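Work through the exercises below with the sequence and the model at hand. Each task is followed by a solution in steps.

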Amino acid sequence: VAGDTTRDIFWRIDEVKSIEAEKVIFMAGINDILMNFSFEKTCNFYKKIVSSLNESFDEIILMAILPALGDDKLDINILQVNSFIKSLAKENNLIFLDLSKLFFDDEGSLMISLYTDGLHLSSLGYKYLNRELLKII
């Protein structure tokens, strides 16, 4: 849902848990960063979401927040949240999936053609993302 934060997702988590599936791939956090949620607040809601998902799914894949076009502060915040997500996955014996490298060219620049606005993926960006996700599902 556009604009959803980890708090919003947690409030609606029962909708997701009602889906009959064995696996869930979960990515969230960029809206928390953009809305200036504290790091601690994001981490707390992330933990609650993972705990809740553990009740309903056999396999949970926590996906790193994708890179976005912005300033150094945005990049640092994304890296900080991704580091937390990686450690949370390890603590809970979950898979951590970081596909960030797909969105950079050989010189380390964000490939703008994969985005509509520097934040949301374009159809080509989703093609890249889906190709990798299909390999693990």
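**Exercise 1. Salt bridges**

How many salt bridges does a search of the whole structure find?

Solution. The model is a predicted one. Searching the whole structure gives seven salt bridges. One of them joins R12 and E15, whose closest N and O atoms are 3.7 Å apart. This distance falls within the 4 Å cut-off for a salt bridge. R12 and E15 also belong, with D4, to a network of linked salt bridges. R12 has a relative accessibility of 26% and therefore counts as partly exposed.

**Exercise 2. Salt bridges in helices**

Determine how K17 and D14 are placed in helix α2, and do likewise for K135 and E132 in helix α6.

Solution. Step one takes K17 and D14, which form a salt bridge with a closest N to O distance of 3.9 Å. Both residues lie in helix α2 (residues 13-17), and because they are three residues apart, about one helical turn separates them. D14 is exposed, since its relative accessibility is 56% and the class begins over 50%.

Step two takes K135 and E132, whose side chains meet in a salt bridge of 3.1 Å, N to O. Both are in helix α6, three residues apart, or about one turn of the helix. To class the partners, compare their relative accessible areas with the cut-offs: under 20% is buried and over 50% is exposed. K135, at 61%, is therefore exposed, whereas E132, at 15%, is buried.

**Exercise 3. Helix packing**

Describe how helices α4 and α5 pack, giving angle, axis distance and handedness.

Solution. Helix α4 spans residues 39-54 and helix α5 residues 72-91. Their axes are 11 Å apart and meet at an angle of about 30°. α4 is therefore roughly parallel to α5, because angles under 35 degrees count as such. The crossing of the two helices is right-handed.

S51 is a residue of α4. Its relative accessibility is 43%, so S51 counts as partly exposed. The C-alpha atoms of S51 and N92 are 9.0 Å apart, although 41 residues separate the two along the chain.

**Exercise 4. A nonpolar patch**

Which residues form a nonpolar patch on the surface, and what is their accessible area together?

Solution. The patch consists of I25, L134, I136 and I137. Together they have about 360 Å² of accessible area. L134 is located in helix α6, residues 123-136. With a relative accessible area of 60%, L134 is exposed, because the cut-off for that class is over 50%.

Terms used:
Residues are numbered from 1 along each chain as its sequence is written. This is a predicted model: local features need pLDDT of at least 70, side-chain atom pairs count only at pLDDT 80 or more; totals for chains, interfaces and linings use all residues. Side-chain values use heavy atoms; hydrogens and water are left out. Patches are made of residues with over 30% relative accessible area and no salt bridge: like charges are joined within 9 Å, nonpolar side chains (Val, Leu, Ile, Met, Phe, Trp, Tyr) within 5 Å. Accessible areas come from the Shrake-Rupley method with a 1.4 Å probe; for residues, only the protein chains shown count as cover. Helices (H or I, at least four residues) and strands (E, at least two) are DSSP runs, numbered from the N terminus. Buried means under 20% relative accessible area, exposed over 50%, partly exposed in between (1.4 Å probe, protein chains only). Axes are lines fitted to C-alpha atoms, for helices over the stretch in contact, and angles run from 0 to 180 degrees between N-to-C directions. Angles under 35 degrees count as roughly parallel, over 145 as roughly antiparallel, 65 to 115 as roughly perpendicular and the rest as oblique. A crossing is left-handed if the near helix is turned anticlockwise from the far one by less than a right angle, and right-handed if clockwise.
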